[in-house]
Amino acid sequence: MSRKRVDHEPGYVLHTYPYKETSLIVEAFTRRFGRVALLARGARRPRSAMRGVLLSFHSLRLSWSGSADLANLMGAEWAGGVLRLGGRGLMCGFYVNELLLRLLPRDDPHESLFDVYAGALAGLASPDVSAVLRGFERRLLAELGYAPLLETDAASHPIDPERLYSYEPDRGPVATNGSRSGQLVVSGRTLLDVAAGDYARPETRDEARALMRVLIAERLHGQSLHTRSILMELNEL
């Protein structure tokens with residue numbers, strides 16, 4: 001199995017969980033290598049240099065060595081200012097992290113998405129997070145090869161802002177005169193607003209949230225998102 005050494009790679013911690021008595025498995029999102037799994041030996045010991053560094057939402061420089069399946073984390077250090085998320089922004093940050101964990105395969109580089117993720121974290125510190133979340137969800141789907149049709153319908157006709165559309169995940173928008181059983185119906189105006197990144201209209205925010213929920217569920221193949229369930233209960237997502 002091939003082994004490699006990586007030094008000072010920009011990255012973020014997505015999730016950690018205990019390994020044996022004193023170590024951690026770290027799921028990280030890095031600029032050049034995408035999502036990687038790293039073993040932080042002894043990181044749970046009280047005097048470990050990495051104990052207070054391996055935190056989510058902070059820009060880090062990570063160094064590791066070993067195989068692609070599970071490399072040994074050799075070092076982790078702060079790479080910039082500390083981002084403080086709280087309340088709604090913190091929960092939405094965990095939601096964004098869970099999306100990456102569930103949808104991104106390991107060792108699949110997405111450098112542009114890395115920058116979008118960093119920008120999204122900064123945006124989650126603002127009072128209105130809906131545009132930040134919808135923009136990140138749309139970009140993530142595009143990076144995975146599932147960019148939603150927004151400006152043309154399933155038949156390649158331009159979207160009419162005055163019409164209603166039934167959105168079929170495997171086809172795109174289909175013009176309709178009303179609700180269809182089991183189908184999501186959105187307005188043409190909402191589709192065009194999402195394409196332009198404009199979430200000023202309350203109707204757009206509501207319909208865009210429902211649209212992205214359906215599109216992401218299609219990619220999850222029946223898996224549920226724990227953070228979304230919590231946020232839905234809090235009426236935040």
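Analyst: This is a predicted model. From the N terminus on, the order of its elements is β-β-β-β-β-α-α-α-β-β-β-α-α-α.

User: What share of the residues of the chain counts as buried?

Analyst: A residue counts as buried when its relative accessible area is under 20%. The chain exposes about 11900 Å², and carbon and sulfur atoms supply 48% of that area. Of the 237 residues, the buried share is 44%.

User: Which residues have the most contacts inside the largest nonpolar core?

Analyst: In soluble globular proteins, nonpolar side chains tend to be buried together. Here the largest nonpolar core has 39 residues. Elements that each supply at least two residues of this core include β1, α1 (87-103), α2 (111-123) and α3 (130-143). The residues with the most contacts inside the core are Leu100, Tyr117 and Phe136.

User: How many residues does the other core have?

Analyst: This core lies apart from the core of 39 residues. Among its members are Ala28, Phe33, Ala71 and Ala76. Its number of residues is 19.

User: Which residues does Phe136 contact, leaving aside its neighbours within four places in sequence?

Analyst: Phe136 is one of the residues with the most contacts inside the largest nonpolar core. Leaving aside neighbours within four places in sequence, its contacts are Val96, Leu99, Leu100, Leu113, Val116, Tyr117 and Ala120.

User: Is Glu9 buried or exposed?

Analyst: Glu9 is found in strand β1, residues 3-19. Not counting residues up to four places away in sequence, Glu9 touches Thr30, Arg31, Arg32, Phe33, Leu60, Arg61, Leu62 and Trp64. The relative accessible area of Glu9 is 1%, and the cut-off is under 20%, so Glu9 is buried.

User: Which backbone nitrogen does the side chain of Glu9 reach?

Analyst: Arg32 is among the residues that Glu9 touches. The side chain of Glu9 comes to 2.6 Å from a backbone nitrogen, that of Arg32.

User: Is Ser187 buried or exposed?

Analyst: Ser187 lies in strand β8. Apart from neighbours within four places in sequence, Ser187 is in contact with Arg163, Leu164, Tyr165 and Glu207. With a relative accessibility of 12%, Ser187 counts as buried.

User: What is the phi of Lys20?

Analyst: Most residues other than glycine have a negative phi. Lys20 is found in the loop between β1 and β2 (23-30). At 68% relative accessibility, Lys20 counts as exposed. Its phi is a positive value in a residue other than glycine, near 55°.

User: Where is Phe57 found, and is Phe57 buried or exposed?

Analyst: Phe57 has a positive phi of about 75° although it is not a glycine. The residue is found in the loop between β3 (34-40) and β4 (60-67). Its relative accessible area is 5%, so Phe57 is buried.

User: How far apart do the centres of the positive and negative side chains lie?

Analyst: The chain has 30 positive and 28 negative side chains. The centres of these two sets lie apart by 8 Å.

Terms used:
Residues numbered from 1 in each chain as written. Predicted model: local features only at pLDDT ≥ 70, side-chain atom pairs only at ≥ 80, totals over all residues. Heavy atoms only, no water. Helix = DSSP H or I, 4+ residues; strand = E, 2+ residues; numbered from the N terminus. Buried < 20%, exposed > 50% of the residue type's maximum accessible area, 1.4 Å probe, protein only. Polar contact = N/O pair within 3.5 Å; in protein donor to acceptor, adjacent residues only side chain to side chain. Contact = heavy atoms within 4.5 Å. Areas by Shrake-Rupley, 256 points an atom, 1.4 Å probe, with all protein chains shown as cover. Lys, Arg positive; Asp, Glu negative; His and termini not counted. Charge placed at Lys NZ, Arg CZ, Asp CG, Glu CD. Core = buried A, V, L, I, M, F, W, Y, C linked by side-chain atoms within 4.5 Å.
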